[in-house]
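Notebook open, structure loaded. I want to see how the chains are divided up and how they touch.

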Amino acid sequence: MKNKRKQFDYVRWIFVLPALVIVGVLLIYPIFSSLYYSMTTKHLIKPAYDFIGLANYQAVLTDPEFFQAFFTSIIWTVCSLTGQILIGFTSALAINRVKHGKGVYRTLMIIPWAFPTIVIALSWKWILNGVSGFLPNLLVQLGICGTLPQFLSDNSMVFITLIFINIWFGAPMIMVNVLSALQTIPQDQYEAAQIDGASHFQQFYHITMPHIKVVVGLLIVLRTIWIFNNFDIIYLITGGGPADLTTTVPIYAYNMGWGTKMLGKSSAVTMLLLLFLLLICVVYFTILAKWEKEDK
Amino acid sequence: MRKKKERLGSGLCHIYLIILSVIAFFPLVWVLLSSVKSAGELTSNPTRFLPKHFTMGNFIHVIQDLGFTKNISNSLIIALSTTFIAIIVSCMAAYGIVRFFPKLGNIMSKALVATYLFPPILLAIPYSLAMARAGLTNTRLGLVITYLSFSVPYAVWMLVGFFKTVPIGIEEAARVDGANKFQVFVKVVIPLVLPGIVATAIYTFINAWNEFLYSLILINSSDMMTVSVALRSLQGAEILDWGDMMAASTMVVIPSVVFFMFIQNKIAGGMTEGAVK
Amino acid sequence: MKRKLVLILTGIMLAGSILTACGGDSKTDTTAAADGELEGDITFWHSFTQGARLEVIQEAADEFMEGNPNVNISIETFSWPDFYTKWTTGLASGNVPDMSTALPAYVVEMMDAEAIVPMDDLIDQIGRDKFSESALSEGEKDGVCYSMPLYSHAQVMWYRKDLLKDAGLEVPATWDQFAEAAKALTKDGIYGCSFPCGSSDQMATRFLNYYVRSGGGSLLTDDLQANITSDLALDGIRFWVDIYKNCSPKDSVNYAVLDQATLYYQGKTAFDFNSGFQISGVAANSPDMVDQIGCAPLPKINKDDPDYSAETSNTPLVVWQNSKHPEICKAFIEKLYEEDTYIKFLAATPVGMLPAIKGISETEAYRSNETVQKFIDAEQIIAKAVDMGTSIGFEHGPSIQAGLLNSQGVIERMFQNILTNGEDVETAAQAAEDELNELFRIIQ
């Protein structure tokens, strides 16, 4: 019996082992490796490098450009996230409400989610092109704008444009998840509420919200991380420009590592980025855990 | 009174949804339309909707002269290999977590979510150095390995949600019939969860197909380039031709969109249920 | 239970072998045969991504392989904006080709990293006196030549004859006249001149360099420090800011070389600055417009200033240190310089690529090309500019500083700061100068 038990253990580990190994090698090792390089003068091309302790961190933390990138990242994340949640949430509620065409709306609105980033970048760059783009020319033809609006170079518009594109891309994911959470809510609760004469708002607040709160919370966590870490969208559309107006921390780190070739310093930037995200997550998960407890 | 209000509300919902659908759908339409217009038409008449002269010239140019099929096959091989490995590994892990580690499982799946925290740009540096040392830069194998870093945690995460739906009773019945753990897993559980596995596989495939950063950093040979990176370098080719770029974009985006249509019903559940339920 | 384990292990190994199979681009190692016959595989990266040039090079490679049955040349193309990342990351991971085209500004960095091999033997074999001395000196370090020019071109001013004529304007000879004409021509959907400063390219550096060179200055000081705050450079910055504000599509702050050129190709700008490549670009995009384009030397500050040229590019070939078969590379390069092959190559972009070796432009085969005949004036203007100019920052000889001036986008970001953030010209110039000097310092 004892022997059998041992064998049993063995097998169940086989199930999870390959995944653990992959996660360990591909995710845990790089963290330590980065931590090490962040304390060296590692260069992209030159083979020799020295250990310099925390000097890279010091250099990064005294670089005003880093803080500017950090600030840009925060704005980028908060605005994109709010927009995605707002649009995703309201569109899910609307789809849930209408009787006809649910499937059509859903199918059409999910499309941006499937877009590869490079196609997001190329299609929007083409639509917004300052000379031959569809939208600027349309706005001029309709008489809304006097001259061709420059969505991707005007300093008052470029960041807003990027956030719009990010909302366009990210809202469908929120929409789909909220929608599926909404569908798990038992209809009889609404019926009962209607009999009691509850208003739409009351129904939403007392029935809908409690049911989908945790899903939404989790989505917020995942999206925050994703948007904060996102590199491709901005890199491919504006490359961080013009004049570093759209340089977020990942772009800053990339330019540091592959532009000026200072991989060591770039590692320090990415470690700081990770640290910040960890902090955010601790806060989020504390709140989420509280909500889950309330649910039970 | 109440009915009227109801109808008004639903009418407003329709208007709202129509506006959003148009915005969501328009770039795809514009990419498709631009891909069949001639270069002259694209710039001389930016707001004309339908092509005056329908042409497949852009596609022919992209395929024949720019060798885009080579990049498509690179991406296909890489995305398929990634999906194949990730799904096998993740199915086992997800089942293992659900069935054999009921207590530890919660921590394990939380740990998997935590890997989502790691900035890809952070991983990019050690990957590029390690791959260089292992002689795996510029190989499809190198990319497949790095793609596992995001595919496996995500796939496990989604699959855990699907595996949780399998009632333990069915498995016990099979075990009574003398099947061992692996037989139960392969013959009983997998078929039950198959739709979920297919959805996860497609999602993994799309993510690998769409990936950009690692491909940018680890591949520098145009023979090995994936579609994302090749499409980007089209912008720097000798002639800036939006028609070409839109034709190439069409070839990249269509498979993603079509696959997405297939899994749209499954995908929502998998992503959040893994943690919530 | 054990049997299952074996099954799983086999499964894993199977997956492994699939992986290995899809990683299969490993180079086969072959060594030169003892009897002196060439044997082995080489990889050649070049920037001729499409069209006639790609075909000519492929043809030459095919012929060479026919003559040397044991040699295999695999050709891979890249686009210029990718090149810097491509070779730097390639060098970091050992993925560089056997031979490639390059940019003079990068050759200095390549020499510094000891990434490329001397070419003197080959230069002597072809005839050192056939090359222009200044072109050879761009790839020279301690008296050894590491690169050889494949073709040359130089920056000149391009204009639209029809637009100038309709407006009753002369071809501008000074910057003031240029600005006046460009402003006058900015109307009806046409821009006078686009001013490009996308930070992924070196266009703003190039444009600023025109102005600074026209006043006899340089973007680098004699002791190789950045020189952007001289009165001349500040005037240059203000000049281009004025052009941007009055004559340029506003999107041009994000433009790289192709965005810029394409506008001219499509007839949307009246003036542009480029080499003879402008001709093939216009021919491909707007065939009807070919008769309406013309070129002139770059404008001067004052009408009676001496003639000058701001930027000559001698696009070089290099052989990489990593190559196992430099002898094959060199034999193949020699073939590219054979008169027939070479003229065919140049004819792929007539007037765009001017010969880098003497004696070619006089040949009947070169002269008889239709485009060369049609644009013979342009050819002469560009050829003259080629003789007088250097790469940006190479006025003081080749230097890493000049390379960084081109590759780091500092001047481009400076212009973006001025143009989109309204930063003051002097402050922005000072900041850019400091940033460049800091970069120079780190490299030392």
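Predicted model: local features only at pLDDT ≥ 70, side-chain atom pairs only at ≥ 80, totals over all residues.

**Entry: chain C.** For their contact I got eight residues from domain 1 of chain C and nine residues from domain 2 of chain C. On the domain 1 side, I wrote down four nonpolar, four polar and no charged residues.

**Entry: chain B on its own.** Here the assignment gives me domain 1 (2-35) and domain 2 (68-276). The C-alpha centres of domain 1 and domain 2 of chain B sit 32 Å apart. Five residues from domain 1 of chain B and eight residues from domain 2 of chain B make the contact. I checked the classes on the domain 1 side of chain B too: three nonpolar, two polar and no charged.

**Entry: chain B against chain A.** How many residues does each chain put into this contact? I got 71 residues from chain B and 76 residues from chain A. Several helices of chain B supply at least two residues each to that side, including H1 (2-35), H4 (68-100) and H9 (181-210). Which helix of chain B gives the most? That turned out to be H12(B), with 18 residues. Last, I sorted the chain B side by class and noted 52 nonpolar, 17 polar and two charged residues.

Technical notes
Residues numbered from 1 in each chain as written. Chains lettered and ligands numbered in written order. Domains from an automatic or database assignment. Contact = placed C-beta atoms within 7 Å. Nonpolar A, V, L, I, M, F, W, Y, C, P; charged D, E, K, R; others polar. Helix = DSSP H or I, 4+ residues; strand = E, 2+ residues; numbered from the N terminus.
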